[in-house]
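My entries follow in the order I made them.

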Amino acid sequence: MSKIKNHPALLVATLYFSSIFHVIGGLMILFSQASAQYYCEIVFGYILNINQEMEYILRNLGIYALAFGIILFFSAKNPIRFKPVILSLVIIYVFRVFNSLFTVENIHSIFQVPVYRIYIAIIILTILSVLLTIGYLQLPKETRD
């Protein structure tokens, strides 16, 4: 039985990019408070004030980011097999876009992020969402293992 090899290159590239981004971020957040602060400032523009509560939340966020990155990696290796997972990833990204859109003022005031940086992040998330959606729609309807 031959396996279907119709893996849209753009989908695979987007999944690998997101995977690497989340694995690195997850490890940095788990590694130390300083690397978590650095990551959040470089990537999102957030100025974090880390206390015990924030440290606990960051550790959990790091675990989720790492796990998300691993899921993205396996999805990139075989997008046809992980088609339902990719749809779930698209939904998560779309929710993140809308959450960011509806909380711009909170993000700006709580994390001292310039508004333009928030909109850049929203644009990047939107582009990733669109690329994942296009790639998902290009996958074959039937799967054979």
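Entry one: the salt bridge. I found the side chains of arginine 59 and glutamate 55 meeting in a salt bridge, at 3.6 Å from N to O. I took the term to need a side-chain nitrogen of Lys or Arg within 4 Å of a carboxyl oxygen of Asp or Glu. The structure holds 1 salt bridge.

I noted the ground rules here. This is a predicted model, in which local features need pLDDT of at least 70 and side-chain atom pairs pLDDT 80 or more, while totals for chains, interfaces and linings use all residues. Numbering runs from 1 along each chain as its sequence is written, and side-chain values use heavy atoms, without hydrogens or water.

Why can the two partners be placed about one helical turn apart? Arginine 59 and glutamate 55 are 4 residues apart in helix 3 (residues 52–77), so about one helical turn separates them. I count helices as DSSP runs (H or I, at least four residues), numbered from the N terminus. Arginine 59 is partly exposed at 33% relative accessibility. Glutamate 55 is partly exposed too, at 26%. The class lies between buried (under 20% relative accessible area) and exposed (over 50%), with a 1.4 Å probe and protein chains only.

I searched the whole structure and found 1 cavity of 30 Å³ or more. The largest cavity has a volume of about 50 Å³. Glu55 and Arg59 are among its lining residues, as are Ile29 and Leu58. Helix 3 gives the largest share of this lining, 3 residues. I sorted the lining into 4 nonpolar, 2 polar and 2 charged residues.

On a 1 Å grid over the protein atoms alone, a cavity is where a 1.4 Å probe fits but cannot get out; a pocket is an open set with protein on both sides within 12 Å along at least five of seven lines, and lining residues have an atom within 4 Å of a point.

The largest pocket has a volume of about 1100 Å³. It is lined by 41 residues, and Phe44, Tyr46, Leu61, Arg96 and Leu125 are the closest to its centre. The lining divides into 32 nonpolar, 7 polar and 2 charged residues.

Entry four: the surface. Which residues make the nonpolar surface patch of about 440 Å²? I listed Phe98, Leu101, Phe102 and Tyr119. Helix 4 (residues 83–102) gives the most, with 3 residues. Tyrosine 119 sits in helix 6 (residues 115–138). Patch residues have over 30% relative accessible area and no salt bridge, with nonpolar side chains joined within 5 Å and like charges within 9 Å.

Terms used. Helices (H or I, at least four residues) and strands (E, at least two) are DSSP runs, numbered from the N terminus. Accessible areas come from the Shrake-Rupley method with a 1.4 Å probe; for residues, only the protein chains shown count as cover. Grid points are joined across faces, edges and corners, and a volume is the space filled by probe spheres set on the points. Ala, Val, Leu, Ile, Met, Phe, Trp, Tyr, Cys and Pro count as nonpolar, Asp, Glu, Lys and Arg as charged, and the others, Gly among them, as polar.
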